[in-house]
Amino acid sequence: MAESVLDFFERNVFGEGEAKAFPLLHRIDSPRDVKDVPFESLPQLSREVRDYIIQTLSRTGGHLGSNLGTVELAIALNYVFNFLNDRVVWDVGHQAYPHKILTGRRQRFDRLRQYGGISGFLKIDESPYDHFGAGHASTSISAALGMAVARDLNNEDHACIAVIGDGAMTGGMAFEALNQLGYLKKRMIVILNDNDMSISANVGAMSGYLNQIISGQFYTRTRERIEKSIKAIPGIGDSIAKRAHQLEHIVKTMLVPGSLFQELGYHYVGPINGHHVDQLVRVFEQYKNFDGPVLIHVRTVKGKGLPGAEEMSETYHGVKVGYLPKRDCVEPADKPKSKPSPPSYTSVFSKSLIQLAQTDKRIIGITAAMPTGTGLDAFGKQFPDRYFDVGIAEQHAVTFAAGMATRGLKPVAAIYSTFLQRAYDQVIHDVCIQHLDVTFCIDRGGLVGADGPTHHGVFDIAYLRLIPNMIVMSPKDENELRHMVATAIAHDGPAAVRYPRGSGIGTSMDEPMAHLPIGRAEVVRQGSDVLLIGLGSMVNYMLTAAERLAEEGVEATVINARFVKPLDLATIANHLPENGAVLTLEDGCLMGGFGSAVLEELHSAGYHDVRIKRLGIQDQFVTHGDNKTLHRIQRLDADAVYRGVQELLDLR
Ligand SMILES: Cc1ncc(C[n+]2csc(CCOP(=O)(O)OP(=O)(O)O)c2C)c(N)n1
């Protein structure tokens with residue numbers, strides 16, 4: 001009988017079998033060991049690293065496709081450079097698993113993204129080989145350039161390298177940094193890891209340009225265009241064109257691949273095959289000490305080496321535990337027989353928007369490189385002319401939406417909470433000051449689990465509620481999300497709907513979608529001993545806690561705030577218990593957040609006798625791990641509410 005995946009791993013990957021299954025890799029405990037691998041054995045090491053990732057991720061989940069594409073790159077970099085001295089910045093850091101495995105973290109790799117285990121991204125405090133942490137895209141060239149400038153000012157001597165994907169290259173910051181590096185002409189290497197994919201297919205003119213370089217079309221097309229123009233010159237065009245072979249030489253030198261980068265001041269190298277480790281090593285050796293900016297254009301394949309993953313790279317960008325497909329020796333993990341889960345907030349948002357857009361042609365869907373993550377892909381299929389994927393360009397997405405709003409359209413920018421941080425000035429300066437009708441559908445509000453601090457959406461409530469003209473709301477369940485999407489779009493001005501990652505609670509859906517009264521809360525339970533005010537899905541924890549408290553004779557009123565701004569002070573004030581005990585709960589930062597809003601507004605209105613306990617995210621960056629554990633640690637669950645009330649009422 002074939003053994004299970006987990007048994008297979010225990011035996012072959014993490015147990016005694018490791019030495020046999022990974023004869024080169026199991027000896028690598030630091031980059032020094034990489035340098036000891038014979039040059040001709042580097043392809044074998046690449047196979048082992050790739051296999052190690054494929055098998056480990058079946059237990060941990062994580063960014064699979066991107067990491068299968070960077071195996072040779074990480075090996076060649078660690079083979080040629082000395083990263084105790086040289087500096088490397090991996091953009092986003094989601095593709096740096098091979099780098100982690102080679103830099104002393106192989107033994108801990110099976111705890112990837114788990115609570116207490118290693119991070120799925122690079123972290124400056126996790127290893128001396130992680131020179132710059134990230135999680136958001138397009139920062140690598142700026143950071144590496146900062147390091148290069150520091151090196152020169154400090155009279156040091158080392159390489160500075162940025163590894164950036166073609167997806168991350170669509171971000172404005174990447175261009176800002178390229179611009180400055182081309183001007184400063186610092187000794188620095190930019191490695192463009194070009195796999196023609198972001199999470200979804202890459203978009204934009206730069207992506208088209210890179211493709212032309214790779215296929216040689218840039219040169220051919222431009223030559224054809226020049227030839228056509230010459231022929232069109234009246235009288236002499238044909239005879240000049242006949243002598244075109246002389247011209248061809250001139251044109252060719254002008255149009256070598258990468259001429260755009262050359263014009264910007266870079267020495268362009270490539271495109272080179274990023275899966276030929278020997279070739280990468282030779283190129284890195286050659287340009288290691290090059291005195292000026294070099295752009296090495298490396299062509300890689302997302303999902304390289306895993307059947308199915310290369311063809312379906314979007315599906316395999318990130319995988320869940322147990323993804324591993326059937327193999328000869330490995331049976332797929334037994335799938336737990338679970339009840340079908342309720343629809344995700346993302347899919348409910350997606351369907352609601354499509355429904356609304358069917359009758360309102362002014363509605364436009366905008367995503368910043370996250371069509372599947374935000375659910376806007378379905379909208380794009382239905383309304384291709386009213387759908388825009390702008391690339392990893394949140395700032396542009398917001399101002400682009402603002403421009404549309406000035407002309408009577410109703411743009412909906414669907415952006416994860418954490419990524420909207422990028423566009424904060426645009427939200428204030430381009431949308432809110434001008435009171436423009438842009439709707440923000442903010443997915444992944446709250447803690448997001450395994451991706452950790454760079455991805456938790458915990459600042460949005462605080463950073464949005466202080467902006468004049470902005471309306472901020474959060475639904476207690478997926479049904480209310482539908483009404484809020486409709487309400488925000490109907491509202492003539494800036495409005496944000498913020499909802500969490502994952503499934504709803506399985507509630508029934510009202511039809512049609514209603515327009516909620518702006519700034520009105522909902523009282524979901526009546527009691528006289530304590531007032532619980534929750535925001536968004538946190539209200540459900542409050543209801544559970546209220547049931548438990550009732551069993552002990554404590555009756556709670558529970559208010560679903562719905563709106564952070566405008567806050568329904570009247571409803572809150574009307575339900576204050578005589579003892580003044582109020583508890584708020586939010587899955588966002590406490591400082592300046594929802595509880596603060598309640599506290600401030602009650603105080604300003606003269607309610608100075610209330611005793612408020614606020615539960616939410618403390619003044620710290622929350623680590624990665626499963627959301628249940630993180631919620632428990634941050635005191636964001638029913639148990640925390642129950643205990644909070646006991647503390648508040650001195651019942652303990
Ligand atoms: C500011 C920001 N927006 C969105 C994302 C989500 N995201 C993570 S990886 C990725 C695609 C990156 O593509 P690329 O740089 O080409 O790397 P690849 O995964 O293809 O190797 C996106 C959009 C992000 N990390 N940061």
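**Questions on the structure**

User: Which elements do the buried residues of α7 pack against?

Analyst: This is a predicted model. The buried residues of α7 include Y97, P98 and H99. Their packing partners are α3 (31-36), α4 (42-60), α5 (64-69), α6 (71-80) and β1 (87-90).

User: How many residues of helix α7 are buried?

Analyst: Helix α7 covers residues 97-105. Among its buried residues are K100, I101, L102, T103 and R105.

User: What is the order of the strands in the open sheet?

Analyst: The sheet has five strands with parallel pairing. Its edge strands, β1 and β4 (267-273), each pair on one side only. Neighbouring strands are turned by 15° against each other on average, direction ignored. The order is β1-β2-β3-β5-β4.

User: At about what angle does helix α15 run to β4?

Analyst: Helix α15 comprises residues 277-287. The helix lies across β3, β4 and β5. Its angle to β4 is about 170°.

User: Is Y316 buried or exposed?

Analyst: Y316 is placed in the loop between β5 (293-299) and α16 (345-359). Not counting residues up to four places away in sequence, Y316 touches L64, G65, G303 and A309. A residue is buried if 20 or more other C-beta atoms lie within 10 Å of its own. Y316 has 21 C-beta neighbours inside 10 Å and therefore counts as buried.

User: How many residues does domain 2 give to its contact with domain 1?

Analyst: The domain assignment gives domain 1 (5-216 + 257-299), domain 2 (345-500) and domain 3 (523-648). The contact takes 20 residues from domain 1, and from domain 2 the number is 18.

User: How many residues on the side of domain 1 that touches domain 2 are polar?

Analyst: On that side of domain 1, six residues are nonpolar and one is charged. The number of polar residues is 13.

User: Between which domains does the ligand lie?

Analyst: The ligand is surrounded by 24 residues, and the closest are S66, A137, G165, G167 and A168. By class, this shell has ten nonpolar, ten polar and four charged residues. Because both domains give residues to the shell, the ligand lies between domain 1 and domain 2.

Key:
Residues are numbered from 1 along each chain as its sequence is written. This is a predicted model: local features need pLDDT of at least 70, side-chain atom pairs count only at pLDDT 80 or more; totals for chains, interfaces and linings use all residues. A residue is near a molecule or strand if its C-beta atom, placed from the backbone, lies within 6 Å of it. Ala, Val, Leu, Ile, Met, Phe, Trp, Tyr, Cys and Pro count as nonpolar, Asp, Glu, Lys and Arg as charged, and the others, Gly among them, as polar. Domain bounds come from an automatic or database domain assignment. Two residues are in contact if their C-beta atoms, placed from the backbone, lie within 7 Å. A residue is buried if 20 or more other C-beta atoms lie within 10 Å of its own, exposed if 12 or fewer, and partly exposed in between; C-beta atoms are placed from the backbone. Helices (H or I, at least four residues) and strands (E, at least two) are DSSP runs, numbered from the N terminus. Two strands pair if DSSP finds at least two bridges between them. Axes are lines fitted to C-alpha atoms, for helices over the stretch in contact, and angles run from 0 to 180 degrees between N-to-C directions.
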